[in-house]
Amino acid sequence: FWRQNNDMPKTAVFGGGCFWCTEAVFQMLKGVSKVEPGYAGGEMENPSYERVSEGNTGHAEVIRVTYDPAIIRYEDLLTVFFGSHDPTTPNRQGNDVGEQYRSVIFYGDDSEKHVAEDIVEAVNASLTDGTRVVTQIVPLEKFYPAESYHKDYFKTGTSAPYCQLIIEPKMEKVRKRFAELVDPQS
């Protein structure tokens, strides 16, 4: 049986600071079947966490989200992306500083690029404090999965201080702000 391309799972790649935080946030969403932490945007082949953490590989910590567009739209993913981190700070999210923590959308096709540009325009129009979105919108060249110990970081280390102090408040903010997109089972 032939299925239209729109019915097939799709992927989206975002970087919004530490991938432990973004992974936990996107795992909560309806229609998201998989979230993989990884690296993208640099020249180095097969980067490691240690090398990316040095801040000179060009790679960002990112997540690759596999989602069902019949349940959650790309626009919804971007809305949560922009609502769950500060897209106005270059190369920084909270205490995480360096190009590896930059705000970035890696698009897979022109449609995703245009949607991302439209949402950035809308976010900029809503900002009244003089700040502007610094999120990069660039084509995805290559995604490198992170080491296995990064996978499900929040789920496997919920009681760790970083999870309690940084990740849990971010998740709670998303649960409240985007309740209609959050899977009640999460």
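**From the chain to Glu 23**

A: The protein chain exposes about 9700 Å², and carbon and sulfur atoms supply 50% of this area (Shrake-Rupley method, 1.4 Å probe; for residues, only the protein chains shown count as cover). The model is predicted: local features need pLDDT of at least 70 and side-chain atom pairs pLDDT 80 or more, while totals for chains, interfaces and linings use all residues. Residues are numbered from 1 along each chain as its sequence is written, and side-chain values use heavy atoms, without hydrogens and water.

Six helices and eight strands make up the secondary structure of the protein chain (DSSP runs numbered from the N terminus: helices H or I of at least four residues, strands E of at least two). Their order along the sequence is β-α-β-α-β-α-β-β-β-α-β-β-α-α. The C-alpha trace spans about 45 × 40 × 35 Å along its principal axes.

Of the 186 residues, 46% count as buried, meaning under 20% relative accessible area, with exposed over 50% and partly exposed in between (1.4 Å probe, protein chains only). Among contacts (heavy atoms within 4.5 Å) with a separation of 6 or more, 76% join residues 24 or more positions apart.

Glu 23 lies in helix α1, which runs over residues 19–27. Its relative accessible area is 0%, so Glu 23 is buried. Beyond its neighbours within four places in sequence, Glu 23 is in contact with Val 35, Pro 37 and Ile 63, and also with His 150, Lys 151, Asp 152 and Tyr 153.
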